[in-house]
Amino acid sequence: MSILLPTNLQQYPSPSLSPSTPLLSPSPSSAFSFLGTRRRCLRFVTSSVASLQSSVAIGSAPARAAVVVERDQIRLGLPSKGRMAADAIDLLKDCQLFVKQVNPRQYVAQIPQLPNTEVWFQRPKDIVRKLLSGDLDLGIVGLDTLSEYGQGDEDLIVVHEALNFGDCHLSIAIPNYGIFENINSLKELAEMPQWSEERPLRVATGFTYLGPKFMKENGIKHVAFSTADGALEAAPAMGIADAILDLVSSGTTLKENNLKEIEGGVVLESQAVLVASRRALTDRKGALNTVHEILERLEAHLKADGQFTVVANMRGNSAEEVAERVLSQPSLSGLQGPTISPVYCKQDGKVSIDYYAIVICVPKKALYESVKQLRAVGGSGVLVSPLTYIFDEDTPRWGQLLTNLKL
């Protein structure tokens, strides 16, 4: 159902607070004056979760396209600014896909390695909307944005769910003082006697689809959501919300504004994902092949990220005997490898094998311990180099994609 702006905004009475650490609450007259202005910094819309009957979808339904519009180019949507934009371009660069933008003010760019593909820089929420309308075929956005604006539409299909940047989570946060001082879980928050149909729990958020959906799924009634532009963290202290629902990365901003997360209050774990239009993949010429190449490059790079190749020489009577010594070490067993090859040398006119070369792949966190244990069993001349790509025989997510597309 659609959100309607109420003609008369009601100022809910504030619950009783402890005398020592009160929540700030404006007087009714000042609150009405504040809410009555046309300031763009904060717009209130209230909607009770209890009134959500057959649908929890709040806001306009995503636009749908009846057919795929004919065009030669595949369109990839990337965030137009901010950290997500920089990280997306860096990831593609690491996969040898270089985004060439003639003018930084232009909203379209090219990837020479994918000559049939255009890059369109858009706001993340517009990437999702234009995937649904058919104006884009692929996009890189946060899972939170995809979930909020895609609203579970079956045309949106996640091609790669873990691009290793943009990590955060969508979470409920409440003040750590006043009546909330001893509230530490979603259950305790819901059971507070202050909330009623006349005085619901007020939650400020920009996630007007995921928020009510989460509350309904958890059986929590007497909640009113308000949309807000700007820093949500100020809303509880200003007395215009009891809690907020927002993205959290490190949690530092919450702490600095005397807010805390609560047990059971995480709505969604999020990071950047590669998403595509199902209709584009099945109907647009060349789209599936383009996705296959992008996916293979992504998989190879991300699998190699944080991995190192370790090479060492070791004396031994046979490759099997050397392998047994290597695998006897706890940090070396279970790793990829070892690959063992004879090192040939010529002595007294004869070719002999005195050493074997050992090659193993080691994650960064286990690198030093692995080198120590390799040296402990006779390894010498240890060489370490970072891995750039690991191409498997098959790309697992490609098979999953074809299964999802029923191809």
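Modeller: Contact here means heavy atoms within 4.5 Å, and the structure under discussion is a predicted model.

Biologist: Leaving aside its neighbours within four places in sequence, which residues is Leu 163 in contact with?

Modeller: By that cut-off, Leu 163 is in contact with Leu 91, Ile 140, Gln 271, Ala 272, Val 273, Leu 274, Leu 298 and Leu 302, once neighbours within four places in sequence are left aside.

Biologist: What makes Leu 163 stand out in the largest nonpolar core?

Modeller: That core has 34 residues, and Leu 163 is one of those that touch the most other members, together with Leu 78, Leu 281 and Leu 401. Among the elements giving two or more residues to this core are β1 (74–79), α2 (83–94) and β11 (272–277), while α10 gives the most, with 7 residues. Apart from this core lies another, of 25 residues, including Val 203 and Tyr 209.

Biologist: Why is Cys 168 called buried?

Modeller: Buried means under 20% relative accessible area, and Cys 168 has 14%, so Cys 168 counts as buried. Cys 361 also has a relative accessible area of 14%, and therefore Cys 361 is buried by that cut-off.

Biologist: How many disulfides does a search of the whole structure find?

Modeller: The search finds 0 disulfides.

Definitions and conventions
Residues are numbered from 1 along each chain as its sequence is written. This is a predicted model: local features need pLDDT of at least 70, side-chain atom pairs count only at pLDDT 80 or more; totals for chains, interfaces and linings use all residues. Side-chain values use heavy atoms; hydrogens and water are left out. A nonpolar core is a set of buried Ala, Val, Leu, Ile, Met, Phe, Trp, Tyr and Cys residues joined through side-chain atoms within 4.5 Å. Buried means under 20% relative accessible area, exposed over 50%, partly exposed in between (1.4 Å probe, protein chains only). Helices (H or I, at least four residues) and strands (E, at least two) are DSSP runs, numbered from the N terminus. A disulfide is a pair of cysteine sulfur atoms within 2.5 Å.
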